[in-house]
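Work through the exercises below with the sequence and the structure at hand. Try each task before reading its solution.

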Amino acid sequence: LSKDVVDLQKAIATDQPISDSTDASADKSTEELWEIVRYVRREKDILATKIEVTDSEAVRYRNRCSFLEKQIEETRKCLEEERSKSDSSIMSLEQHQDMLKKVEEAQALAEKVKMMTEERSKLTTMTSLVKQQIAAYEKQLKPLKLKNRELSDKVSVLLTEKEGLKKDVSRWSNRTNELIEQCNKVDAKEFARLQAE
């Protein structure tokens, strides 16, 4: 594919005529580039969708994390109030386990939010690269499309000339046949007389 594109660009730069095989390979190269552009666009759309899903999940986890942090803060306040009321009062084992569970859950959610933020960053980078690839392919396609249009115009002109030449050949062929028939109709004496003159 790259070789065909380079050959086509060299031919365009030197303004040399392009053979039928080059025309075919140029058409094939153009089609392949369009396929690549369509594939890259699909990949870009998929990545954009993944980023949106990741963002929504990150927001959900942040909200959950914020909610749990508020609960932890409220629990801590309650604990401090209870301690201030009575140093002798001891938190029950069940309350302690519940609080530990909430702290662990908040830490796990914070870790998940961090991972999703990193994943979003990677997807954003990939999207940027895909956009650059699309721009590069479209840049390569532009001169090929222009050359393809020029070649199509040349083909139209050549086909018109070909039709004109066919008509000329047919007309001259008919005229030659008429002259041959006229020659055949002249008898030998007349022919000798004409030669003598």
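The exercises go from the whole chain to single residues.

The model is a predicted one, in which local features need pLDDT of at least 70 and side-chain atom pairs count only at pLDDT 80 or more, while totals for chains, interfaces and linings use all residues. Residues are numbered from 1 along each chain as its sequence is written, and side-chain values use heavy atoms, with hydrogens and water left out.

**Exercise 1. The whole chain**

Task: Find how many helices and strands the chain has, and what share of its residues is buried.

Solution. 
Step 1. Helices (H or I, at least four residues) and strands (E, at least two) are DSSP runs, numbered from the N terminus.
Step 2. The chain has 4 helices and 0 strands, in the order α-α-α-α from the N terminus on.
Step 3. Buried means under 20% relative accessible area, exposed means over 50%, and partly exposed lies in between (1.4 Å probe, protein chains only). Of the 197 residues, 18% count as buried.
Step 4. Contact means heavy atoms within 4.5 Å. Among contacts with a separation of 6 or more, 88% are between residues 24 or more positions apart.

**Exercise 2. A residue in helix α2**

Task: Decide whether T54 is buried or exposed, and list its contacts beyond its sequence neighbours.

Solution. 
Step 1. T54 lies in helix α2, which covers residues 20-85.
Step 2. T54 counts as buried because its relative accessibility is 6%.
Step 3. With neighbours within four places in sequence left aside, T54 touches M116, E119, R120 and L123.

**Exercise 3. Salt bridges**

Task: Count the salt bridges, then describe the pairs of R38 with E35, R175 with E178 and R41 with E138.

Solution. 
Step 1. Side chains of opposite charge can pair when their charged atoms come close. The rule used here asks for a side-chain nitrogen of Lys or Arg within 4 Å of a carboxyl oxygen of Asp or Glu. By this rule there are 9 salt bridges.
Step 2. R38 and E35 form one of them, at 2.6 Å from N to O. Both residues are in helix α2, and because they are 3 residues apart, about one helical turn separates them. R38 is partly exposed at 34%, and E35 is partly exposed at 40%. A network of salt bridges links E31, E35 and R38.
Step 3. R175 and E178 form a salt bridge at 3.5 Å, N to O. These two residues lie in helix α3, 3 residues apart, which is about one turn of the helix. R175 has a relative accessible area of 40% and E178 has 41% relative accessibility, so E178 counts as partly exposed.
Step 4. R41 and E138 form a salt bridge whose closest N and O atoms are 2.3 Å apart. This pair links distant parts of the chain, with R41 in helix α2 and E138 in helix α3 (residues 93-185), 97 residues apart. R41 is partly exposed at 36%, and E138 is partly exposed at 34%.

**Exercise 4. A charged patch**

Solution. 
Step 1. E82 counts as partly exposed because its relative accessibility is 42%.
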